[in-house]
Every structure is written in structure tokens, then in C-alpha cells.
Amino acid sequence: MSAEQLWETTMNPETRNLIQVTIENAADAADVIDMLMGDKVDGRKDFLNKNANFNKVDGFIEKVHFVKKDGSEVD
């Protein structure tokens with residue numbers, strides 16, 4: 001990704017969305033991230049086959065409260 005692409009998709013404060021993410025068990029989360037990002041394909045495939053539902057509608061974005069720079073919420 002070029003610096004220009006990074007700015008357009010992630011870093012531009014006019015268009016980016018920042019959300020707070022909390023992790024209940026950081027060690028377990030780190031293990032999953034290592035497995036998903038690692039070199040061993042079998043573990044990743046097993047995890048996705050067990051946990052991914054590609055037919056499910058992701059409702060995450062409906063749970064996010066967007067806030068403008070002035071602190072007011074976006075409708």
C-alpha cells in the first residue's frame with residue numbers, strides 16, 4: 001500500500017472512523033492472531049471452517065456510534 005492509499009483509506013482524519021476495541025483475554029486473542037497471520041495454513045483453514053459463516057450478515061457496523069469532531073453523534 002502506498003502512502004497515498006494509506007492516507008485515503010486509513011489516516012485521513014476527515015474520513016476515518018476510530019472505534020475503541022476491548023479484549024477480555026489478551027493472551028487468547030494473541031494466540032488467534034498468531035495462528036491467523038502465521039505460516040501454517042492448516043490451522044487457519046480449520047479455524048475458518050469452524051468459525052466463519054460467510055452467509056451471515058455482519059451487524060457490527062450497526063452497533064458503532066459515530067461521533068463528529070465536535071463530539072456530537074452522527075445520525
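The exercises below concern a predicted model, and each comes with a worked solution.

**Exercise 1. Find which residues form a salt bridge, and describe where they lie in the chain.**

Step 1: Start with the count: the structure holds one salt bridge.

Step 2: Recall the general idea. Side chains of opposite charge can pair when their charged atoms come close.

Step 3: Name the partners. E14 pairs with K69, and their closest N and O atoms are 2.9 Å apart. A salt bridge needs such atoms within 4 Å, so the pair qualifies.

Step 4: E14 sits in the loop between α1 and α2, while K69 belongs to the segment after α4 (60-63). The two are 55 residues apart, so this pair links distant parts of the chain.

**Exercise 2. Decide whether E14, K69 and L18 are buried or exposed.**

Step 1: Use the cut-off: exposed means over 50% relative accessible area.

Step 2: Compare each value with it.
- E14 has 61%, so it is exposed.
- K69 has 66%, so it is exposed.
- L18 has 71%, so it counts as exposed.

**Exercise 3. Describe the nonpolar patch on the surface and the place of I23.**

Step 1: List the members: I19, V21, I23, F60 and I61, with about 500 Å² of accessible area together.

Step 2: Locate I23 in the loop between α1 (3-11) and α2 (26-37). I23 is exposed, because its relative accessible area is 54%.

**Exercise 4. Describe the largest pocket and its lining.**

Step 1: Give its volume, about 270 Å³.

Step 2: Count the lining: 13 residues, of which P13, R16, N17, V67 and K68 lie nearest the centre.

Step 3: Sort the lining residues into six nonpolar, three polar and four charged.

Technical notes. Residues numbered from 1 in each chain as written. Predicted model: local features only at pLDDT ≥ 70, side-chain atom pairs only at ≥ 80, totals over all residues. Heavy atoms only, no water. Patch = residues over 30% accessible without salt bridge, like charges linked within 9 Å, V, L, I, M, F, W, Y side chains within 5 Å. Areas by Shrake-Rupley, 256 points an atom, 1.4 Å probe, with all protein chains shown as cover. Salt bridge = Lys/Arg side-chain N within 4 Å of Asp/Glu carboxyl O. Helix = DSSP H or I, 4+ residues; strand = E, 2+ residues; numbered from the N terminus. Buried < 20%, exposed > 50% of the residue type's maximum accessible area, 1.4 Å probe, protein only. 1 Å grid on protein atoms, 1.4 Å probe; cavity = no way out; pocket = protein on both sides within 12 Å on 5 of 7 lines; lining within 4 Å. Points joined across faces, edges and corners; volume = space filled by probe spheres on them. Nonpolar A, V, L, I, M, F, W, Y, C, P; charged D, E, K, R; others polar.
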